[in-house]
Amino acid sequence: MSALPTAQLFDPRDPVFQVHEGGKLGVHATSALRDAADLSLLYTPGVAQVSRAIAADPTLAGVYTSRRNTVAVVSDGTAVLGLGDVGPLAALPVMEGKAVLFKHFADVDAVPVCMETGTVDEIVEAVARIAPTYGGINLEDISAPRCFEIEQRLQERLDIPVFHDDQHGTAIVALAALLGAVRVVEKELPDLTVVVSGAGAAGVAVSRILLAAGVGDVIVVDSRGVLGPDRDDLVPHKRRLRDLTNRRGVTGAIGDALSAADVLIGVSGGTVAERDLMRMAPRAIIFALANPDPEVHPVVASRFAEVVATGRSDFPNQINNVLAFPGIFRGALDSGARRITEEMKLAAAYAIAGLVDEPTADRIVPSVFDERVAPAVAAAVAARVTPTPR
């Protein structure tokens with residue numbers, strides 16, 4: 001577990017700590033308990049009738065329990081924000097915050113589930129055993145490459161949506177932003193060369209969704225250089241990514257990848273030098289999404305790109321997962337989806353982009369507080385679901 005810098009001292013007078021005091025979540029009842037008659041309906045003996053009915057027909061749990069609107073936000077604390085492996089207790093405030101966003105933006109009840117770090121087998125087994133309580137599983141802040149296997153195995157094992165937001169939420173909103181940006185710079189997706197800096201969870205998902213959307217060429221760069229034909233040092237998920245990308249066989253460092261590239265998408269936290277940015281094509285696009293310190297400061301990026309976006313709220317064009325995940329789960333829960341499919345992810349991205357009628361260099365995605373976003377994403381997701389009985 002990594003230690004935080006000693007300069008980050010605890011100060012209970014700080015408004016940040018004050019707003020977190022006591023946690024950010026509570027439990028409220030949806031039915032009134034006023035007297036003995038209510039008690040007999042809500043609990044014993046009345047509740048036994050509901051239990052018998054569900055035992056006979058498990059699909060009724062989606063009607064007569066909170067499962068129909070409840071998502072588990074699961075983390076082992078191994079990749080929390082930009083803090084790294086801080087453990088499950090330190091992850092809890094973040095997961096509580098995620099639950100607040102679920103409720104505020106899509107009226108989804110989300111419950112933090114922070115567990116001790118274990119093997120992939122242990123985490124998959126633990127989540128699978130608690131899954132009957134929930135209508136969906138949102139995986140959060142789990143380190144790569146284990147996050148890929150955990151998500152895949154849970155998707156195969158469970159009959160409810162399992163969604164790793166660090167991968168797919170980032171990818172969906174990045175694509176939505178790119179759809180707006182290309183309208184500003186008057187380019188087409190099939191003609192683009194996009195460089196993705198970072199080959200972790202977000203880098204893999206961003207690259208895959210860009211290819212699915214029809215981007216002409218995607219070149220991925222990790223800390224050792226381009227994922228090209230000369231790389232024989234790759235772990236399995238990077239090898240698979242290399243085989244899907246870099247159709248021109250570019251090799252070398254990030255500067256080689258950026259030569260004549262139209263777009264840079266940073267999801268790594270590493271710094272990209274100005275000398276490399278100078279090599280990009282005219283009317284370039286830069287998404288520097290590392291938080292809180294972008295790969296390229298927006299002021300610097302604006303010297304080399306016509307459209308600039310970050311993950312921060314204090315600059316234009318914030319690419320924030322909250323544009324995606326609340327509506328995605330809202331649509332999945334309401335439609336009875338058992339999976340979040342690739343078609344749903346693409347539909348969500350296009351729905352987000354479609355809310356900006358006339359994109360500009362400073363507005364390529366809607367505000368996170370735009371009340372149209374979650375309903376639009378939910379509708380787009382639900383429209384791709386073939387209803388099946390639970």
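**Close-up 1. Glu186, exposed in a loop.** At 64% relative accessibility, Glu186 counts as exposed. (Buried means under 20% relative accessible area, exposed means over 50%, and partly exposed lies in between, with a 1.4 Å probe and protein chains only.) The loop that holds Glu186 runs between H8 and strand S5 (193-197). Helices (H or I, at least four residues) and strands (E, at least two) are DSSP runs, numbered from the N terminus. Glu186 is not a glycine, yet its phi is positive, about 60 degrees. The model is predicted: local features need pLDDT of at least 70, side-chain atom pairs count only at pLDDT 80 or more, and totals for chains, interfaces and linings use all residues. Residues are numbered from 1 along each chain as its sequence is written, and side-chain values use heavy atoms, with hydrogens and water left out.

**Close-up 2. Lys98 and its two salt bridges, to Glu140 and to Asp165.** A salt bridge here is a side-chain nitrogen of Lys or Arg within 4 Å of a carboxyl oxygen of Asp or Glu. Side chains of opposite charge can pair when their charged atoms come close. The closest N and O atoms of Lys98 and Glu140 are 3.0 Å apart. Lys98 lies in helix H5 and Glu140 in the loop between strand S3 (136-139) and helix H7 (146-157), so this pair ties together parts 42 residues apart in sequence. Glu140 is buried, at 6% relative accessibility. Lys98 also counts as buried, with a relative accessible area of 8%. The salt bridge from Lys98 to Asp165 is 2.4 Å, N to O. Asp165 belongs to helix H8 (residues 165-185) and Lys98 to helix H5, so this pair ties together parts 67 residues apart in sequence. Both Lys98 and Asp165 are buried.

**Close-up 3. The Arg157–Glu125 salt bridge.** The two side chains meet at 2.8 Å, N to O. The pair links distant parts of the chain: Arg157 is in helix H7 and Glu125 in helix H6 (residues 120-130), 32 residues apart. Arg157 is partly exposed, at 44% relative accessibility. Glu125 is also partly exposed, with a relative accessible area of 26%.

**Close-up 4. A network of salt bridges.** Asp222, Arg224, Arg231, Asp233 and Lys238 are linked in this network. The structure holds 27 salt bridges.

**Close-up 5. The loop between S3 and H7, with Asp141 and Pro145.** Asp141 takes a positive phi of about 55 degrees, although it is not a glycine. Asp141 is buried, with a relative accessible area of 4%.

**Close-up 6. The cis bond between Thr44 and Pro45.** Omega is about 5 degrees for this peptide bond. Pro45 sits in the loop between H2 and H3.

**Close-up 7. A nonpolar surface patch.** Leu33, Leu39, Leu41, Leu42 and Tyr43 form the patch, with about 550 Å² of accessible area together. Patches are made of residues with over 30% relative accessible area and no salt bridge; like charges are joined within 9 Å, nonpolar side chains (Val, Leu, Ile, Met, Phe, Trp, Tyr) within 5 Å. Areas come from the Shrake-Rupley method with a 1.4 Å probe; for residues, only the protein chains shown count as cover. Leu39 is part of helix H2 (residues 36-42). Leu39 is partly exposed, at 43% relative accessibility.

**Close-up 8. The second largest pocket and its lining.** On a 1 Å grid over the protein atoms alone, a cavity is a set of points where a 1.4 Å probe fits but cannot get out, and a pocket is an open set with protein on both sides within 12 Å along at least five of seven lines; lining residues have an atom within 4 Å of a point. The space in this pocket is about 1,000 Å³. Grid points are joined across faces, edges and corners, and a volume is the space filled by probe spheres set on the points. The lining has 28 residues, of which His28, Thr30, Ser66, Thr70 and Asp109 lie nearest the centre. H2, helix H3 (46-56), helix H5 (87-106) and strand S2 (109-114) each supply at least two lining residues. By class, the lining divides into 16 nonpolar, nine polar and three charged residues. (Ala, Val, Leu, Ile, Met, Phe, Trp, Tyr, Cys and Pro count as nonpolar, Asp, Glu, Lys and Arg as charged, and the others, Gly among them, as polar.)

**Close-up 9. Helix H14 (residues 325-335), largely enclosed by the rest of the structure.** Ten of its eleven residues are buried. Among them are Phe325, Ile328, Phe329, Arg330 and Leu333. Just after H14, Gly336 has a positive phi of about 75 degrees.
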